[in-house]
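Q: Before we go into any detail, could you show me the model and take me through how its features are read?

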Amino acid sequence: MHASAASELVAPAAPMAATRHRPLAVPAVRLRGGALGRWQRLNAEATIPHCIAQVESSGVLDNFRRIVGESDAAHRGFVFADSDLYKTIEAIAWETARSGERRHEAWLDDVIALVARVQEPDGYVHTWIQGVHPDKRFAEQEWTHEMYVAGHLIQAAVALARASGRTDLLDIARRFADLLDDLFGPGRQDAICGHPEIETALVELARFTGEERYLALAAKMIDLRGRGVLPAGAFGPQYFQDHVPVREATTAIGHAVRQLYLNAGVTDLLLEADAPGLRAAMDAQWASVHERKMYLTGAFGARHRDEAFGDDYELPSERAYAETCATVADIHWTWRMLLADGAAGPARYAETIEREVHNALAAAVDASGTRFFYANPLQQRPDRHSEENAPRQRTSWYSCACCPPNVARTVAQLGAYVASATDGALWIHQLADAEIDLPAPLGSGTVRVCTEYPVDGRVDIEVAGDVAAGAVLRVRVPSWSSASSLEAADGAHPREADGYATVPLAPGAHYRLELDLTPRFTRAHHRVDALRGALAVERGPLVYCVEQADLPSTLAVDDLVLLPADPVSGEDGTLRLRCAEAAEPDDLYRSGQPVAARGEHEVTAIPFATWGNRAPGAMRVWLPTP
């Protein structure tokens, strides 16, 4: 290990070791307006209060109270229900860091004191074990999620300490982490959790406290993967990411959320420690996930049965599981890959995060901020029946409620993914309406970004205040835009090979980016059998879909055939597509002929992120062509 002094940066990933890209503090990047700024305000005003109410009404808090005799209710929820509380606390922490407001302090006082009363003298706290099956304490770690829950406790505690300075939850989390180290640290028992998450949390705890032993424990757990520590179970060892050692696991497989959380922890470790082989494995994994297993919307997981990645190019639209938590996990991992200077390069990582945030993540919550999708298919047939965690329309909560508080904590920290600093440069990765404080080496001024992107392609950037001599600004210019220069008084500064345009970071400077938002058709790789002969429509970073709510009752989404004509942008952010209606006989199979179609219709397409806000019904992203 070669960790340096503890990191006090108020950010969800705050490396101690020197990295080329250094994150900025959450309070230093203020999303003022635009799509992301409005979403953060909705998150603060609606989603976080909704999560607070739901952890009460769903029984999560009663699960804690019953351990200390303050409730006679039966345990409710899954074995990992405690994590819903911890993720909600983390959301509050990052919202506090973002806005400076402490509107939930009294609630935090109550729930943290409750957790403290439940915690056992040796540091253990897990209400399902304590209140339902104390005999299973650390006995069935493939299923009991004890270290997974501890991971979310630790992440919430570190976030709260970073954001507001309060350490009462951190004291609880450290006692639990110390217990894990006493039992399972180097030279002691071998154990890993069936659901990775503890690894990234332990690294962040090490970053905040400077305690090397937490890094060593994370490293041991990562090295134990693929060594047969866990029973295989019905889904096989790949379900737990225990099928092959991490350094040999170059293909994403098994439960998508578990794989992506593990990868975030592995990347955290390689940022801090001498860990031969991990970088090459993570570069290979990132390529596997994003070049062969990612949905167009930035979602992951093709199979319902074990919430898993499918084979390469196995990407069915209507059977996509595409769990919201998988997108959250990938945002966390991809940002760490950017900080680690991974092989794909910062523009690829930043553009992937952009795709995820504006499509899959945004679609997971409705316009009220209080109803959510767990699964995010790219097609919904009119006769589809709801399934557990895959309902026809968003719902206010789930029996497995991992996704809603995950959305809340991620949206609250979105500013952390907007920019980074390297020696002599400020990098803008996400084109968002924001005010960015320069980190000390670059000066004490601010960079103001004014834009309504992605609805509008104009991005204005102004520099004010003191700036270090020779400092530059690097702005990502999306790969899909034919307009690829940053305009300044001295002329155009073109997009360079790495995807960024470079201009002086000079006081009083003004720059403008005019992106080409012409709608475009997208086709899938020929090996994606489910999408052969179909096209999707994108505009900027937004994926579009057609929803039954925009069609006359006589025209069905599933009968549309896309005609070869350029999409037309509407002033309201919609697109107009030319389509025909399939005119097929009722025969399920017949001789091979092109699809017969009739008539011509102008069809409205809407951003995928907004579907399902009016009424449940059919929807599809990919449209067949003649």
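This is a predicted model: local features need pLDDT of at least 70, side-chain atom pairs count only at pLDDT 80 or more; totals for chains, interfaces and linings use all residues.

Q: Where does helix H13 bend, and by about how much?

A: Read in that way, H13, which covers residues 346-363, bends by about 35° at Val357. The helix has 18 residues and spans 25 Å from its first C-alpha to its last, close to the 26 Å expected at 1.5 Å a residue.

Q: Is H13 mostly covered or exposed?

A: A residue counts as buried when its relative accessible area is under 20%. By that criterion H13 is mostly covered, with 17 of its 18 residues buried. On the strands, H13 lies across E5, E9 and E12, and runs at about 50° to E9.

Q: How should I read the sheet to which those strands belong, and in what order do its strands come?

A: In general, the strands of a sheet pair through backbone hydrogen bonds, in either a parallel or an antiparallel sense. Here five strands form an open sheet with mixed pairing, in the order E1-E4-E5-E9-E12. Strand E1 (22-23) and strand E12 (500-504) stand at the edges with a single partner strand each, and therefore one side of each has no neighbour in the sheet. Within the sheet, E5 (residues 425-428) and E9 (residues 472-476) run parallel and are joined by four bridges, and Trp427 stands opposite Arg474 in E9.

Q: Which strands can I look at for the antiparallel sense?

A: Strand E10 (residues 485-488) pairs with strand E11 (residues 491-494) in that sense over four bridges. A hairpin joins E10 to E11 through two residues, and Ala488 stands opposite Gly491 in E11.

Q: How many aromatic pairs are there, and which residues do ring pairs link into a cluster?

A: Two rings are taken as a pair if their centres lie within 6.5 Å, and by this rule the count comes to 16 aromatic pairs. One of them is formed by Trp286 and Tyr349, an edge-to-face pair at 4.8 Å centre to centre with 85° between the planes. This pair links distant parts of the chain, since Trp286 belongs to helix H11 (residues 278-292) and Tyr349 to helix H13, 63 residues apart. Both Trp286 and Tyr349 are buried. As for the cluster, ring pairs link Tyr124, Phe138, Phe176 and Phe184.

Terms used: Residues are numbered from 1 along each chain as its sequence is written. Side-chain values use heavy atoms; hydrogens and water are left out. Two strands pair if DSSP finds at least two bridges between them. Contact means heavy atoms within 4.5 Å. Axes are lines fitted to C-alpha atoms, for helices over the stretch in contact, and angles run from 0 to 180 degrees between N-to-C directions. The expected span of a helix is 1.5 Å times one less than its number of residues. The bend at a residue is the angle between axes fitted to the seven residues ending there and the seven starting there. Buried means under 20% relative accessible area, exposed over 50%, partly exposed in between (1.4 Å probe, protein chains only). Rings of Phe, Tyr and Trp (its six-membered ring) pair if their centres lie within 6.5 Å; planes under 30 degrees apart count as stacked, over 60 as edge-to-face and the rest as tilted.
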